[in-house]
Amino acid sequence: MDRKESSPLIEALRREQANAVQLYLQYKGYHWNVSGPSFHDLHLLFDAHATQVFEMIDELAERQRILGAPADYTLEALRQASNLVVEEKLPSNPREMVEHLVTSHRRVIDGLKKGIEVADGRGDPGTADLFTRFLQTHEKMEWFLREILEKAAPLSGK
Ligand SMILES: [Fe+2]
């Protein structure tokens, strides 16, 4: 794919689009495979969060088009652009699933914060706003998961 339109801002959008695809799949994988006493609650929560993440993919891709860059759509390109680490082996229990999701959300939150700085630096309030809206949604999802873990440190205290 032609990358001559690339810039740090496009790279941030590309990375977060790929991360949204990866996180969506991680949520669906846990939605399908979770089991145990908390099955019902987690099965539903993982799907609700998956839907919120799924809706971000389109906006992140279209923002790249608005800025004149191509948007990735193949599994290989998305895999290369994502900086999330998802285990090959299915977590052995629901708590481990929630811990892995918290880790993914925190990676995305860090990336979105960096993206906001880049967008602000380039005088692009539209992209900064998109990242900020998604940041708030990710922070809320991270909070929901953190409450399940109870003893995990808050975001600001990590
Ligand atoms: Fe389902």
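How many aromatic pairs does the structure hold? The structure holds four. Rings of Phe, Tyr and Trp (its six-membered ring) pair if their centres lie within 6.5 Å; planes under 30 degrees apart count as stacked, over 60 as edge-to-face and the rest as tilted. The model is predicted: local features need pLDDT of at least 70, side-chain atom pairs count only at pLDDT 80 or more, and totals for chains, interfaces and linings use all residues. Residues are numbered from 1 along each chain as its sequence is written, and side-chain values use heavy atoms, with hydrogens and water left out.

One of the four aromatic pairs joins tyrosine 27 and phenylalanine 46 in a tilted arrangement, 6.0 Å centre to centre with 55° between the planes. This pair links distant parts of the chain, with tyrosine 27 in helix α1 and phenylalanine 46 in helix α2, 19 residues apart. Helices (H or I, at least four residues) are DSSP runs, numbered from the N terminus. Tyrosine 27 and phenylalanine 46 are both buried. Buried means under 20% relative accessible area, exposed over 50%, and partly exposed in between (1.4 Å probe, protein chains only). Ring pairs also bring in Tyr30, which forms a cluster with Tyr27 and Phe46.

Charged contacts were searched for across the whole structure, and 11 salt bridges were found. A salt bridge is a side-chain nitrogen of Lys or Arg within 4 Å of a carboxyl oxygen of Asp or Glu.

Glutamate 59 is partly exposed at 31% relative accessible area. Arginine 133 is also partly exposed, at 33%.

Other bridges lie within a helix. In helix α1 (residues 8–33), glutamate 11 and arginine 14 are three residues apart, about one turn of the helix. Their side chains meet at 2.7 Å, N to O. Glutamate 11 is partly exposed at 36% relative accessibility, whereas arginine 14 is buried at 4%. In helix α4 (residues 94–121), glutamate 99 and arginine 95 are four residues apart, again about one turn. The salt bridge between their side chains spans 3.4 Å, N to O. Glutamate 99 is partly exposed at 36%, and arginine 95 is partly exposed at 44%. Elsewhere, salt bridges that share partners join Glu11, Arg14 and Asp72 into one network.

Notes. Helix = DSSP H or I, 4+ residues; strand = E, 2+ residues; numbered from the N terminus.
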